[in-house]
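I opened the model today to look up its sheets and its pockets. Here are my entries, in the order I made them.

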Amino acid sequence: MPEPAVLRTVLGDHPHTAPLKNGDVHSARVRLDFLPVSPIHRAFAPMVRAEAYDLCELAVVTALQAVAHRRPVVLLPAVVAARFQRGCLISHASRPIRPKDLAGSRIGVRSYTQTTGMWVRAHLAEDYGLAARDVRWCTREGAHVAEYTDPAFVTRHPHTTGLLDMLREGHVDAAVLGNDLPQGDEFVSVFPDAAALDELWWRWHGYMPINHMVAVAASTCRDVPSAVRESYALLRRARDSVQHLDGAPRPTMFGFERLRKPLETVIDACLAQQLLPRRLSFEEVFGPAREVLGKDAA
């Protein structure tokens, strides 16, 4: 039997990636060589700029920008991280602010292109009619895709402190936090009914807001397409190995058609927020993956 293809792989630590990392789900045809990158977003720029990995978790906004700017990555129809986002917008408990009062305010976010920030802005527009340009966005980092330029209403903040210190010191009125969302009562949610609104959104749309998907280097798809197909099958097997309650929100989604409407929703939001230079078609986003996986990949 021939030696398995080895793919340099970066995936976050999720219940559905654990079986891949511990070897419970494996294949004789491909071996995923996991590389430690933490936090996971530090893998995004090397992936889209230099094909640093063969297979890599990638934020959906970064992935769409990479497609728009013709970077050498192929987006697979695989969502490996999703979450409710309204609770990620916080203010300091001593200076609480509500969504209706955010116009003209300063909101801190790691990067304007951060996917959590995109969803927060989409929810503000959907729930309160607040457009991205109505707020002053204060960032600490630029985009992972080098070709992207922030809109004029985004400012790189000169302070070297983190977002929580910026909130404490009053440099911003609110901030978007993701995996680093603080616990305790020092900070409060800007959305007063975040959990209830998130549940209503999920019941209406039928999925959790997409955070991270999986991308493959274009050179890997060209050189070892069979290994890419086997890797996609492994991702699905690992997802299926994790017990899930029927009728409960699920942080994963697979398949071209399953992702059609969710991706169109994300593209609409990205256009409204000046995150994309033009509207991407569904075929432009997933056409390269269809060539590798087959058009009916579930």
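I started with an open sheet of 6 strands, whose order is 2-1-3-11-4-12 with mixed pairing. Strand 2 (30-34) and strand 12 (253-254) are the edge strands, each pairing on one side only. I note that helices (H or I, at least four residues) and strands (E, at least two) are DSSP runs numbered from the N terminus, and that two strands pair if DSSP finds at least two bridges between them.

This is a predicted model, where local features need pLDDT of at least 70 and side-chain atom pairs count only at pLDDT 80 or more, while totals for chains, interfaces and linings use all residues. Residues are numbered from 1 along each chain as its sequence is written, and side-chain values use heavy atoms, with hydrogens and water left out.

**Strands 4 and 11.** I then looked up strand 4 (residues 73-82) and strand 11 (residues 210-217), which pair in the antiparallel sense over 7 bridges. Ala81 stands opposite His212 in strand 11. Helix 4 (residues 115-128) packs on the sheet, touching strand 3 (55-59) and strand 11, and its direction makes about 140° with that of strand 11. Helix 9 (residues 256-272) also packs on the sheet; it touches strand 4, strand 11 and strand 12, at about 125° to the direction of strand 11. Contact means heavy atoms within 4.5 Å. Axes are lines fitted to C-alpha atoms, for helices over the stretch in contact, with angles from 0 to 180 degrees between N-to-C directions.

**Parallel strands.** Next I checked strand 6 (residues 106-109) and strand 7 (residues 136-139), which pair in the parallel sense over 4 bridges. Ile107 has Trp137 as its bridge partner in strand 7. Strand 7 also pairs in the parallel sense with strand 8 (residues 154-156), over 3 bridges, and Cys138 stands opposite Thr155 there.

**Largest pocket.** How much space lies in the largest pocket? I read off about 460 Å³. A pocket is an open set of points on a 1 Å grid over the protein atoms alone, where a 1.4 Å probe fits, with protein on both sides within 12 Å along at least five of seven lines; lining residues have an atom within 4 Å of a point. Grid points are joined across faces, edges and corners, and a volume is the space filled by probe spheres set on the points. Of the 27 lining residues, the closest to the centre are His41, Arg110, Gln114, Asn179 and Asp180. Helix 4, helix 5 (163-168) and strand 11 each supply at least two residues of this lining.
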